[in-house]
Amino acid sequence: MGTATLTIDLDALVANWTALDAASGRDVMTGAVVKANGYGLDAGRVASALAAAGARQFFVAAAEEGVAVRNAIGPGPAINVFSGHMPGDLAMIEQARLTPMLNSTEQLTRHFETLPGHPFGIQLDTGMNRLGMEADEWFAVAEIALSQRPRLVMSHLACADEPHHAENAAQLKEFHRLTDGISAPRSLAATGGILLGKAYHFNLTRPGIGLYGGLPFDAARPVVRLSIPVVQARTVLPEETVGYGCSWAADRESVIATVAAGYADGLIRAMSNRAVLWHGPEPCPLVGRVSMDLLTVDITGLPEIPEYLDILCPAQGVDTLAEAAGTIGYEVLTSLGGRYKRAYTGGPA
Ligand SMILES: *Cc1c(COP(=O)(O)O)cnc(C)c1O
């Protein structure tokens, strides 16, 4: 087989959701963020597994993603859309029964005029300056918006992965100022916010990355394994070079394996000469530049030429690989390529 296999452990995904649900506390509902096609792992599969485990609130970035999730999970759970009610979304919101998180007076007006009575939520800005109404705008429309009974009033933390960052407490205080005394359910915490503790949990938490095995949830079970087939192996003599630009030279007689994945599969060029692949517990350095479809790997230390090398596995999670490339686990996951054979283990029957 000439393409890599991405194995997704749905039991580990569900275990991570259950652990974050427990960490969210007893009276707090735990949702699941499945935007960007379930952080690259297939939103339909991910949402179905989590719905079977009891998740009742899903979050996506755009209405188009919401339609795909609705088709996968059926009519029961709520599907909330972070980008709110955009021009052209009306039919999708209505037919897939999506709940837009309205971000501005403009969106509020659009929603109330075109879909009166249809469920909605409100997104407030508490300091990130990305999505949501700011204080003045909110106070001007709060009375009318609240009279229409929003399903959720939410905001998002900018620095929740840094527990001691002063912005966390500042945003918490602002969220209280904007929402104390309302009867609608409130939500502030994503994965990082859950780990900040009870004060941040309100009525509903919205973990994403932690479900998929990423930091800042350092107790997460790994969810993905990426095994790349070896196409061929060769001996390289001292001073011979490997790959485009001759960026790596052997300093001893070396065995180099060429494996079938590259930057077109989301293994970005910044990993060149930095990342490590694994054969079980044995590390094998990626040498030379990442090319479009291939990586070259120093397997001199192995007793024989393996059929596969892993680049995501128990020995190396998404954050370790991300660090080698100067990025974050979120980007490694959402870049995982379309050419991989995706195999799912565990999950609902
Ligand atoms: C992506 C996102 C989340 C999930 O964040 P994680 O850090 O992946 O847990 C929650 N809320 C909003 C508004 C988001 O954009």
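Which helix holds Glu-174? Glu-174 lies in helix α8, residues 166-179. This is a predicted model, in which local features need pLDDT of at least 70, side-chain atom pairs count only at pLDDT 80 or more, and totals for chains, interfaces and linings use all residues. Residues are numbered from 1 along each chain as its sequence is written, and side-chain values use heavy atoms, with hydrogens and water left out.

**The chain as a whole**

- The chain has 11 helices and 19 strands. Both are DSSP runs numbered from the N terminus: helices are H or I with at least four residues, strands are E with at least two.
- The C-alpha trace spans about 75 × 40 × 35 Å along its principal axes.
- Of the 349 residues, 51% are buried. Buried means under 20% relative accessible area, exposed means over 50%, and partly exposed is in between, with a 1.4 Å probe and protein chains only.
- Among contacts with a separation of 6 or more, 62% join residues 24 or more positions apart. A contact means heavy atoms within 4.5 Å.

**Two domains**

- The domain assignment gives domain 1 (31-212) and domain 2 (224-345). Such bounds come from an automatic or database domain assignment.
- The centres of domain 1 and domain 2, taken over C-alpha atoms, are 38 Å apart.
- Eight residues from domain 1 and eight residues from domain 2 take part in the contact.

**Pockets**

- The largest pocket has a volume of about 740 Å³. A pocket is an open set of points on a 1 Å grid over the protein atoms alone, with protein on both sides within 12 Å along at least five of seven lines; a cavity is a set where a 1.4 Å probe fits but cannot get out; lining residues have an atom within 4 Å of a point. Grid points are joined across faces, edges and corners, and a volume is the space filled by probe spheres set on the points.
- The largest pocket is lined by 37 residues, and the closest to its centre are Tyr-39, His-156, Ala-190, Ile-209 and Tyr-330.
- Elements that give two or more residues to this lining are α2 (35-39), α9 (191-196), α10 (318-324) and α11 (329-335).
- The largest pocket lies between domain 1 (31-212) and domain 2 (224-345), because both give residues to its lining.
- Its lining divides into 21 nonpolar, 10 polar and six charged residues. Ala, Val, Leu, Ile, Met, Phe, Trp, Tyr, Cys and Pro count as nonpolar, Asp, Glu, Lys and Arg as charged, and the others, Gly among them, as polar.
- The second largest pocket holds about 260 Å³ of space. Of its 18 lining residues, Gln-57, Ala-78, Asn-80, Thr-99 and Arg-151 are the closest to its centre.
- The lining of the second largest pocket has nine nonpolar, six polar and three charged residues.

**The cavity**

- The count is one cavity of 30 Å³ or more. The largest cavity holds about 70 Å³.
- Residues lining the largest cavity include Gln-123, Asp-125, Thr-126, Arg-130, His-156 and Gln-171.
- By class, this lining has three nonpolar, six polar and two charged residues.

**Helix α3**

- Helix α3 (residues 43-52) is largely enclosed by the rest of the structure, because seven of its 10 residues are buried.
- The buried residues are Ala-43, Gly-44, Val-46, Ala-47, Ala-49, Leu-50 and Ala-51.
- They pack against α1 (10-24), β3 (32-33), α2, β4 (57-60) and α4 (63-73).
- Asp-42 caps the N-terminal end of α3, with a side-chain oxygen 2.9 Å from the backbone nitrogen of Gly-44.
- Gly-54 follows α3 and has a positive phi, near 120 degrees.

**Three buried residues**

- Glu-174 is buried, with a relative accessible area of 19%. Not counting residues up to four places away in sequence, Glu-174 touches Thr-126 and Ala-135.
- Leu-98 sits in the loop between α5 (90-95) and β6 (99-102). Its relative accessible area is 0%, and Leu-98 is buried.
- The C-alpha atoms of Leu-98 and Ala-78 are separated by 7.0 Å, with the two residues 20 apart along the chain.
- Ser-272 is in the loop between β14 (254-259) and β15 (276-279). Ser-272 is buried, at 14% relative accessible area.
- The side chain of Ser-272 reaches the backbone nitrogen of Val-290 at 2.9 Å. A polar contact is a pair of N or O atoms within 3.5 Å; within protein, one must be able to donate a hydrogen and the other to accept it, and residues adjacent in sequence count only if both atoms are side-chain atoms.
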